[in-house]
Amino acid sequence: MEAEGHRPQVLRPHLHPDRDEKGSGYGEDGEVVVSDELEAVNSASALWTRSKSDITEEQYQEFYKHVAHDFTDPLAWSHARVEGRQEYTELLYIPSRAPFDLYDRERKQGVKLYVRRVFIMEDTEKLMPHYLRFVRGVIDSNDLPLNVSREILQESKDIDAIRAGCVKKVLGLLEDLSANQPEKYAAFWKEFGQVLKEGVGEDFANKERIAKLLRFVSTASEGAEPTVSLADYIGRMKEGQDKIYFITADTLAAAKNSPHLEVFKKKGVEVLLLTDRVDEWVTGSLFEFDGKALQSVAKGALDLGALEDEADKEAQKQVEEASKPVVEKVLKALGEQVKEVRATARLTESPACLVAGEHDMSAHLERMLKAAGQKVEGSKPTLEINPEHVLVKKLAGEADEARAADLAQVLYDQALLAEGGKLEDPASFVKRINKLMLELSA
(Lines give C-alpha, C1' and ligand atoms only; values in the text may rest on other atoms or scores of the structure.)
Protein backbone atom coordinates (compact mmCIF):
# COMPACT_ATOMS: atom_id res chain seq x y z
CA MET A 1 0.00 0.00 0.00
CA GLU A 2 1.49 3.35 -0.97
CA ALA A 3 1.77 6.34 1.34
CA GLU A 4 -1.67 7.86 1.77
CA GLY A 5 -1.94 11.19 -0.10
CA HIS A 6 1.56 10.81 -1.54
CA ARG A 7 1.29 8.30 -4.39
CA PRO A 8 3.70 8.25 -7.31
CA GLN A 9 2.63 10.09 -10.45
CA VAL A 10 -0.33 8.45 -12.14
CA LEU A 11 -1.13 8.83 -15.84
CA ARG A 12 -4.48 8.28 -17.55
CA PRO A 13 -5.64 8.43 -21.18
CA HIS A 14 -6.45 11.95 -22.26
CA LEU A 15 -10.17 12.33 -23.01
CA HIS A 16 -11.68 14.13 -25.98
CA PRO A 17 -11.93 17.91 -25.43
CA ASP A 18 -15.71 17.76 -25.73
CA ARG A 19 -16.14 15.86 -22.45
CA ASP A 20 -18.97 16.42 -20.03
CA GLU A 21 -18.67 17.48 -16.39
CA LYS A 22 -17.97 13.89 -15.36
CA GLY A 23 -14.94 13.79 -17.62
CA SER A 24 -16.40 11.63 -20.39
CA GLY A 25 -15.39 12.48 -23.96
CA TYR A 26 -17.79 12.07 -26.86
CA GLY A 27 -17.43 12.03 -30.64
CA GLU A 28 -19.89 13.52 -33.11
CA ASP A 29 -22.06 10.43 -33.06
CA GLY A 30 -22.08 10.21 -29.27
CA GLU A 31 -19.58 7.39 -28.72
CA VAL A 32 -16.85 7.72 -26.10
CA VAL A 33 -13.56 8.79 -27.63
CA VAL A 34 -10.26 7.97 -25.93
CA SER A 35 -7.13 9.59 -27.26
CA ASP A 36 -3.61 8.22 -27.00
CA GLU A 37 -2.38 11.33 -25.13
CA LEU A 38 -1.45 10.93 -21.44
CA GLU A 39 -2.53 13.42 -18.80
CA ALA A 40 -0.98 13.63 -15.28
CA VAL A 41 -3.68 13.59 -12.61
CA ASN A 42 -1.40 13.76 -9.56
CA SER A 43 2.21 14.67 -9.08
CA ALA A 44 2.57 14.21 -5.32
CA SER A 45 5.41 12.23 -3.77
CA ALA A 46 6.42 11.23 -0.26
CA LEU A 47 7.54 14.66 0.91
CA TRP A 48 9.77 13.35 3.68
CA THR A 49 11.96 11.46 1.18
CA ARG A 50 13.03 14.67 -0.54
CA SER A 51 15.99 16.82 0.45
CA LYS A 52 15.19 19.65 2.88
CA SER A 53 16.70 22.14 0.45
CA ASP A 54 14.11 21.12 -2.15
CA ILE A 55 11.12 21.69 0.14
CA THR A 56 9.62 25.12 0.75
CA GLU A 57 8.11 26.28 4.02
CA GLU A 58 4.69 26.32 2.38
CA GLN A 59 5.08 22.69 1.34
CA TYR A 60 6.03 21.68 4.88
CA GLN A 61 2.95 23.48 6.19
CA GLU A 62 0.62 21.94 3.64
CA PHE A 63 1.94 18.47 4.37
CA TYR A 64 1.34 19.03 8.09
CA LYS A 65 -2.29 19.97 7.42
CA HIS A 66 -2.71 16.74 5.48
CA VAL A 67 -1.03 14.41 7.94
CA ALA A 68 -2.47 16.03 11.10
CA HIS A 69 -5.94 16.81 9.72
CA ASP A 70 -5.48 20.36 11.00
CA PHE A 71 -6.28 23.61 9.22
CA THR A 72 -3.76 25.76 11.13
CA ASP A 73 -0.05 26.07 10.42
CA PRO A 74 2.35 24.10 12.66
CA LEU A 75 4.44 25.88 15.27
CA ALA A 76 7.70 24.13 14.32
CA TRP A 77 8.99 20.95 12.72
CA SER A 78 12.04 18.67 12.49
CA HIS A 79 13.03 16.84 9.30
CA ALA A 80 16.04 14.54 9.34
CA ARG A 81 17.40 11.35 7.80
CA VAL A 82 19.20 9.06 10.23
CA GLU A 83 21.79 6.56 9.06
CA GLY A 84 23.74 3.98 11.02
CA ARG A 85 22.50 0.84 12.75
CA GLN A 86 18.96 1.96 11.92
CA GLU A 87 18.09 3.90 8.81
CA TYR A 88 14.96 5.98 8.94
CA THR A 89 13.58 9.39 8.05
CA GLU A 90 11.52 11.47 10.45
CA LEU A 91 9.35 14.49 9.76
CA LEU A 92 7.83 15.57 13.07
CA TYR A 93 5.65 18.59 13.79
CA ILE A 94 4.71 20.60 16.88
CA PRO A 95 1.12 21.84 16.37
CA SER A 96 0.23 25.44 17.15
CA ARG A 97 -2.95 24.55 19.00
CA ALA A 98 -4.13 21.66 21.14
CA PRO A 99 -6.81 19.31 19.73
CA PHE A 100 -10.06 19.02 21.67
CA ASP A 101 -9.26 15.41 22.63
CA LEU A 102 -5.72 16.00 23.90
CA TYR A 103 -6.57 14.48 27.29
CA ASP A 104 -8.52 11.55 25.89
CA ARG A 105 -6.31 8.53 26.53
CA GLU A 106 -8.23 6.52 23.92
CA ARG A 107 -7.48 8.92 21.06
CA LYS A 108 -6.06 7.24 17.98
CA GLN A 109 -4.16 9.94 16.13
CA GLY A 110 -0.43 10.27 16.35
CA VAL A 111 2.78 9.71 14.42
CA LYS A 112 2.34 7.57 11.30
CA LEU A 113 4.71 4.65 10.69
CA TYR A 114 5.88 3.87 7.16
CA VAL A 115 8.26 1.18 5.93
CA ARG A 116 9.96 2.16 2.68
CA ARG A 117 7.16 4.65 1.95
CA VAL A 118 4.42 2.09 2.57
CA PHE A 119 1.94 3.13 5.27
CA ILE A 120 1.86 0.58 8.10
CA MET A 121 -0.08 2.03 11.02
CA GLU A 122 -1.01 5.14 12.97
CA ASP A 123 -0.88 5.98 16.68
CA THR A 124 1.86 3.53 17.58
CA GLU A 125 2.63 4.16 21.25
CA LYS A 126 6.03 2.59 20.75
CA LEU A 127 7.05 5.44 18.44
CA MET A 128 6.33 8.33 20.79
CA PRO A 129 5.81 8.44 24.59
CA HIS A 130 2.44 9.50 25.93
CA TYR A 131 3.68 12.88 27.18
CA LEU A 132 4.56 13.77 23.56
CA ARG A 133 1.17 12.69 22.22
CA PHE A 134 0.67 16.12 20.65
CA VAL A 135 3.46 15.45 18.10
CA ARG A 136 2.33 14.79 14.53
CA GLY A 137 4.23 13.55 11.48
CA VAL A 138 5.72 10.47 9.90
CA ILE A 139 8.57 8.05 10.54
CA ASP A 140 9.73 6.00 7.56
CA SER A 141 12.02 3.04 8.30
CA ASN A 142 14.19 1.20 5.81
CA ASP A 143 14.89 -1.72 8.18
CA LEU A 144 11.52 -2.94 9.44
CA PRO A 145 9.68 -5.70 7.55
CA LEU A 146 6.59 -4.71 5.55
CA ASN A 147 4.47 -7.19 7.48
CA VAL A 148 5.36 -5.61 10.85
CA SER A 149 2.62 -5.97 13.46
CA ARG A 150 1.91 -4.36 16.81
CA GLU A 151 3.20 -7.50 18.51
CA ILE A 152 6.51 -7.22 16.65
CA LEU A 153 6.72 -3.52 17.52
CA GLN A 154 6.42 -4.30 21.22
CA GLU A 155 9.61 -6.38 21.12
CA SER A 156 11.61 -4.56 18.43
CA LYS A 157 14.95 -3.07 19.42
CA ASP A 158 14.91 -1.16 16.14
CA ILE A 159 11.70 0.56 17.19
CA ASP A 160 13.17 1.35 20.62
CA ALA A 161 16.14 3.03 18.94
CA ILE A 162 13.90 4.97 16.55
CA ARG A 163 11.71 6.12 19.44
CA ALA A 164 14.70 7.28 21.50
CA GLY A 165 16.10 9.19 18.54
CA CYS A 166 12.78 10.89 17.74
CA VAL A 167 12.19 11.88 21.38
CA LYS A 168 15.61 13.56 21.40
CA LYS A 169 14.72 15.38 18.17
CA VAL A 170 11.46 16.69 19.63
CA LEU A 171 13.08 17.78 22.90
CA GLY A 172 15.88 19.43 20.91
CA LEU A 173 13.29 21.28 18.85
CA LEU A 174 11.58 22.52 22.03
CA GLU A 175 14.94 23.55 23.51
CA ASP A 176 15.68 25.56 20.39
CA LEU A 177 12.30 27.31 20.61
CA SER A 178 12.88 28.04 24.30
CA ALA A 179 16.32 29.54 23.72
CA ASN A 180 15.82 31.37 20.42
CA GLN A 181 12.09 31.97 19.98
CA PRO A 182 10.62 32.62 23.45
CA GLU A 183 7.33 33.95 22.07
CA LYS A 184 6.76 30.73 20.13
CA TYR A 185 7.73 28.67 23.17
CA ALA A 186 5.28 30.64 25.32
CA ALA A 187 2.57 29.79 22.78
CA PHE A 188 3.60 26.12 22.91
CA TRP A 189 3.58 26.10 26.72
CA LYS A 190 0.11 27.60 26.86
CA GLU A 191 -1.24 24.77 24.70
CA PHE A 192 0.85 21.78 25.76
CA GLY A 193 2.71 22.67 28.98
CA GLN A 194 0.63 20.47 31.25
CA VAL A 195 1.13 17.51 28.91
CA LEU A 196 4.90 17.98 28.74
CA LYS A 197 5.03 18.05 32.56
CA GLU A 198 3.88 14.42 32.57
CA GLY A 199 7.26 13.49 31.10
CA VAL A 200 9.06 14.27 34.37
CA GLY A 201 7.55 11.14 35.88
CA GLU A 202 7.30 9.06 32.70
CA ASP A 203 10.69 9.49 31.04
CA PHE A 204 13.50 8.97 33.53
CA ALA A 205 16.20 9.08 30.84
CA ASN A 206 15.19 12.59 29.76
CA LYS A 207 13.99 13.94 33.12
CA GLU A 208 16.65 16.67 33.33
CA ARG A 209 16.01 17.87 29.77
CA ILE A 210 12.28 18.03 30.41
CA ALA A 211 12.81 19.82 33.74
CA LYS A 212 14.74 22.57 31.94
CA LEU A 213 11.74 23.11 29.67
CA LEU A 214 9.22 23.54 32.51
CA ARG A 215 7.68 26.95 33.17
CA PHE A 216 5.97 28.20 36.33
CA VAL A 217 4.43 31.22 37.98
CA SER A 218 6.29 32.43 41.07
CA THR A 219 6.04 35.13 43.71
CA ALA A 220 8.47 37.11 41.53
CA SER A 221 6.18 36.96 38.48
CA GLU A 222 4.52 40.17 37.38
CA GLY A 223 1.48 38.46 35.85
CA ALA A 224 -0.31 35.14 35.82
CA GLU A 225 1.56 33.64 32.85
CA PRO A 226 4.01 30.81 33.62
CA THR A 227 7.34 32.21 32.44
CA VAL A 228 9.76 31.19 35.21
CA SER A 229 12.11 28.27 34.48
CA LEU A 230 13.95 26.37 37.18
CA ALA A 231 17.19 27.86 35.84
CA ASP A 232 15.70 31.36 36.20
CA TYR A 233 14.75 30.58 39.79
CA ILE A 234 18.23 29.34 40.68
CA GLY A 235 19.76 32.42 39.09
CA ARG A 236 17.75 34.62 41.49
CA MET A 237 18.31 32.58 44.67
CA LYS A 238 19.38 34.41 47.80
CA GLU A 239 22.91 34.00 49.07
CA GLY A 240 22.96 30.92 51.28
CA GLN A 241 19.71 29.50 49.83
CA ASP A 242 20.10 25.82 48.99
CA LYS A 243 16.52 24.80 48.15
CA ILE A 244 13.93 25.53 45.47
CA TYR A 245 10.77 26.40 47.40
CA PHE A 246 7.29 25.75 46.02
CA ILE A 247 3.67 25.53 47.08
CA THR A 248 0.79 23.62 45.45
CA ALA A 249 -2.76 24.96 45.52
CA ASP A 250 -6.08 24.76 43.69
CA THR A 251 -5.88 28.29 42.29
CA LEU A 252 -3.26 30.98 41.76
CA ALA A 253 -5.04 33.31 44.20
CA ALA A 254 -5.01 30.61 46.89
CA ALA A 255 -1.30 30.00 46.34
CA LYS A 256 -0.37 33.71 46.38
CA ASN A 257 -2.28 34.37 49.61
CA SER A 258 -1.30 31.22 51.47
CA PRO A 259 -0.14 31.80 55.07
CA HIS A 260 2.82 29.52 54.35
CA LEU A 261 4.40 32.24 52.22
CA GLU A 262 4.50 34.93 54.89
CA VAL A 263 8.04 34.40 56.15
CA PHE A 264 9.31 33.95 52.58
CA LYS A 265 7.80 37.28 51.57
CA LYS A 266 9.37 38.88 54.63
CA LYS A 267 12.82 37.60 53.68
CA GLY A 268 12.37 38.21 49.94
CA VAL A 269 12.71 34.51 49.03
CA GLU A 270 11.04 33.47 45.76
CA VAL A 271 8.50 30.63 45.86
CA LEU A 272 7.08 28.75 42.86
CA LEU A 273 3.27 28.76 42.74
CA LEU A 274 2.05 25.43 41.34
CA THR A 275 -1.65 25.22 40.48
CA ASP A 276 -1.89 22.63 37.67
CA ARG A 277 -3.25 19.22 38.63
CA VAL A 278 -0.18 17.56 37.19
CA ASP A 279 2.14 19.58 39.46
CA GLU A 280 1.71 17.11 42.32
CA TRP A 281 2.98 14.43 39.92
CA VAL A 282 5.91 16.66 38.94
CA THR A 283 7.02 17.44 42.49
CA GLY A 284 6.57 13.80 43.46
CA SER A 285 9.01 12.76 40.73
CA LEU A 286 11.45 15.68 40.51
CA PHE A 287 13.35 15.85 43.79
CA GLU A 288 16.15 18.19 42.71
CA PHE A 289 17.34 20.33 39.87
CA ASP A 290 20.92 21.38 39.24
CA GLY A 291 21.89 20.15 42.69
CA LYS A 292 19.13 22.12 44.48
CA ALA A 293 16.45 20.13 46.32
CA LEU A 294 12.80 21.00 45.76
CA GLN A 295 11.03 21.77 49.03
CA SER A 296 7.34 22.35 49.69
CA VAL A 297 6.75 25.28 52.04
CA ALA A 298 3.64 23.49 53.36
CA LYS A 299 5.37 20.30 54.47
CA GLY A 300 7.66 19.59 57.40
CA ALA A 301 9.18 21.93 59.94
CA LEU A 302 10.43 25.22 58.55
CA ASP A 303 14.17 25.12 57.87
CA LEU A 304 15.57 28.11 56.03
CA GLY A 305 19.16 26.99 56.58
CA ALA A 306 21.66 29.78 56.00
CA LEU A 307 18.83 32.23 55.34
CA GLU A 308 18.28 32.32 59.10
CA ASP A 309 20.90 34.05 61.19
CA GLU A 310 21.74 33.11 64.77
CA ALA A 311 19.53 35.88 66.14
CA ASP A 312 16.52 34.41 64.31
CA LYS A 313 17.24 30.94 65.64
CA GLU A 314 17.65 32.16 69.19
CA ALA A 315 14.44 34.19 69.00
CA GLN A 316 12.56 31.13 67.74
CA LYS A 317 13.81 29.05 70.68
CA GLN A 318 12.60 31.69 73.12
CA VAL A 319 9.19 31.88 71.42
CA GLU A 320 8.79 28.10 71.55
CA GLU A 321 9.65 28.03 75.24
CA ALA A 322 7.29 30.87 76.10
CA SER A 323 4.46 29.36 74.05
CA LYS A 324 4.35 25.96 75.71
CA PRO A 325 1.27 26.76 77.86
CA VAL A 326 -0.86 27.94 74.92
CA VAL A 327 0.38 25.07 72.74
CA GLU A 328 -0.76 22.58 75.37
CA LYS A 329 -4.11 24.35 75.70
CA VAL A 330 -4.76 24.19 71.94
CA LEU A 331 -3.64 20.57 71.70
CA LYS A 332 -6.00 19.59 74.52
CA ALA A 333 -8.92 21.36 72.82
CA LEU A 334 -8.33 19.86 69.37
CA GLY A 335 -7.47 16.35 70.48
CA GLU A 336 -7.37 13.83 67.64
CA GLN A 337 -7.85 16.41 64.89
CA VAL A 338 -4.12 17.17 64.76
CA LYS A 339 -0.88 15.26 65.09
CA GLU A 340 0.76 18.02 67.10
CA VAL A 341 0.66 21.76 67.80
CA ARG A 342 3.75 23.97 67.77
CA ALA A 343 4.73 27.61 67.72
CA THR A 344 6.20 28.75 64.44
CA ALA A 345 8.23 31.51 62.88
CA ARG A 346 6.80 30.99 59.39
CA LEU A 347 3.75 33.19 60.13
CA THR A 348 3.92 36.99 60.34
CA GLU A 349 0.25 37.98 59.78
CA SER A 350 -1.95 34.87 60.11
CA PRO A 351 -2.77 33.26 63.47
CA ALA A 352 -2.23 29.66 62.36
CA CYS A 353 -1.58 27.26 59.47
CA LEU A 354 -1.70 23.53 58.84
CA VAL A 355 1.47 21.69 57.84
CA ALA A 356 1.75 18.17 56.45
CA GLY A 357 4.53 15.82 57.52
CA GLU A 358 7.74 15.82 55.51
CA HIS A 359 6.92 12.46 53.94
CA ASP A 360 3.13 12.65 54.10
CA MET A 361 0.74 13.29 51.25
CA SER A 362 0.09 16.99 50.75
CA ALA A 363 -3.37 18.33 51.60
CA HIS A 364 -3.77 19.47 47.98
CA LEU A 365 -3.08 15.98 46.58
CA GLU A 366 -5.39 14.44 49.16
CA ARG A 367 -8.24 16.72 48.07
CA MET A 368 -7.65 15.90 44.39
CA LEU A 369 -7.72 12.16 45.01
CA LYS A 370 -10.91 12.42 47.06
CA ALA A 371 -12.51 14.54 44.32
CA ALA A 372 -11.63 11.76 41.85
CA GLY A 373 -13.56 9.28 43.99
CA GLN A 374 -10.57 7.53 45.52
CA LYS A 375 -10.55 6.43 49.12
CA VAL A 376 -7.68 8.18 50.84
CA GLU A 377 -6.36 7.56 54.33
CA GLY A 378 -5.05 11.04 54.97
CA SER A 379 -2.55 11.72 57.73
CA LYS A 380 -3.24 14.18 60.52
CA PRO A 381 -1.71 17.62 60.02
CA THR A 382 0.36 19.69 62.41
CA LEU A 383 -1.15 22.99 63.52
CA GLU A 384 1.43 25.77 63.73
CA ILE A 385 0.40 28.88 65.64
CA ASN A 386 1.74 32.43 65.60
CA PRO A 387 2.27 33.43 69.25
CA GLU A 388 2.43 37.11 68.29
CA HIS A 389 -1.06 37.20 66.77
CA VAL A 390 -3.77 38.88 68.83
CA LEU A 391 -6.13 35.89 68.56
CA VAL A 392 -3.48 33.50 69.89
CA LYS A 393 -2.64 35.93 72.69
CA LYS A 394 -6.32 36.12 73.65
CA LEU A 395 -6.52 32.34 73.68
CA ALA A 396 -3.41 32.15 75.85
CA GLY A 397 -4.99 34.47 78.42
CA GLU A 398 -8.46 32.92 78.31
CA ALA A 399 -9.43 31.42 81.67
CA ASP A 400 -12.78 30.03 80.52
CA GLU A 401 -12.06 26.50 79.27
CA ALA A 402 -15.11 26.33 76.97
CA ARG A 403 -14.33 29.66 75.32
CA ALA A 404 -10.67 28.68 74.95
CA ALA A 405 -11.82 25.47 73.20
CA ASP A 406 -13.98 27.52 70.83
CA LEU A 407 -11.06 29.81 70.01
CA ALA A 408 -8.77 26.82 69.39
CA GLN A 409 -11.34 25.26 67.05
CA VAL A 410 -11.67 28.56 65.17
CA LEU A 411 -7.89 28.64 64.75
CA TYR A 412 -7.95 25.14 63.25
CA ASP A 413 -10.96 25.77 60.98
CA GLN A 414 -9.52 29.02 59.67
CA ALA A 415 -6.20 27.34 58.91
CA LEU A 416 -8.03 24.56 57.07
CA LEU A 417 -10.03 27.05 54.98
CA ALA A 418 -6.94 29.15 54.21
CA GLU A 419 -5.26 26.21 52.48
CA GLY A 420 -8.35 25.31 50.46
CA GLY A 421 -9.68 22.57 52.69
CA LYS A 422 -13.30 21.69 53.36
CA LEU A 423 -14.90 21.86 56.80
CA GLU A 424 -16.62 18.71 57.99
CA ASP A 425 -19.20 20.78 59.89
CA PRO A 426 -19.59 24.26 58.34
CA ALA A 427 -22.74 25.03 60.36
CA SER A 428 -20.91 24.61 63.67
CA PHE A 429 -18.12 26.85 62.42
CA VAL A 430 -20.63 29.61 61.60
CA LYS A 431 -22.34 29.27 65.00
CA ARG A 432 -19.00 29.39 66.79
CA ILE A 433 -17.90 32.51 64.91
CA ASN A 434 -21.22 34.26 65.58
CA LYS A 435 -21.04 33.39 69.26
CA LEU A 436 -17.51 34.79 69.63
CA MET A 437 -18.40 37.93 67.69
CA LEU A 438 -21.41 38.62 69.95
CA GLU A 439 -19.35 38.04 73.07
CA LEU A 440 -16.62 40.39 71.89
CA SER A 441 -19.10 43.13 70.96
CA ALA A 442 -21.02 42.88 74.26
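In which sense do strand β11 and β12 pair, and over how many bridges?

Reply: The model is predicted, so local features are taken only at pLDDT of at least 70 and side-chain atom pairs only at pLDDT 80 or more, while totals for chains, interfaces and linings use all residues. Residues are numbered from 1 along each chain as its sequence is written, and side-chain values use heavy atoms, with hydrogens and water left out.

Strand β11 (residues 288-289) pairs with β12 in the antiparallel sense, over 2 bridges. Two strands count as paired if DSSP finds at least two bridges between them. Strands (E, at least two residues) and helices (H or I, at least four) are DSSP runs, numbered from the N terminus. On β12, A293 is the bridge partner of E288.

The two strands form a hairpin with 2 residues between them. D290 is in the loop between β11 and β12, and its phi is positive, about 55 degrees, although D290 is not a glycine. Most residues other than glycine have a negative phi. D290 counts as exposed because its relative accessibility is 58%; the classes are buried under 20% relative accessible area, exposed over 50% and partly exposed in between, with a 1.4 Å probe and protein chains only.

R117 also has a positive phi, near 70 degrees, and is not a glycine. This residue lies in the loop between β5 (111-115) and β6 (118-122). With 45% relative accessibility, R117 counts as partly exposed.

L294 is one of the residues lining the largest cavity, together with F216, L230, L272, L274, V282, T283 and L286. A cavity here is a set of points, on a 1 Å grid over the protein atoms alone, where a 1.4 Å probe fits but cannot get out; lining residues have an atom within 4 Å of a point. The largest cavity holds about 40 Å³ of space, where volume is the space filled by probe spheres set on the points, and grid points are joined across faces, edges and corners. At least two lining residues come from each of β10 (272-274) and α10 (279-285). The whole structure has 2 cavities of 30 Å³ or more.

The largest nonpolar core has 70 residues, and F188 and L196 have the most contacts inside it. Helix α3 (residues 157-180) gives the largest share of this core, 9 residues. A second, separate core of 23 residues includes L334, V341, V392 and A408. Such a core is a set of buried Ala, Val, Leu, Ile, Met, Phe, Trp, Tyr and Cys residues joined through side-chain atoms within 4.5 Å.

Leaving out residues up to four places away in sequence, L196 touches Y131, L132, L174, Y185, F188, W189, I210 and L213, a contact being heavy atoms within 4.5 Å. Of the contacts in the chain between residues at least 6 apart in sequence, 70% join residues at least 24 apart.

Definitions and conventions: On a 1 Å grid over the protein atoms alone, a cavity is a set of points where a 1.4 Å probe fits but cannot get out, and a pocket is an open set with protein on both sides within 12 Å along at least five of seven lines; lining residues have an atom within 4 Å of a point.
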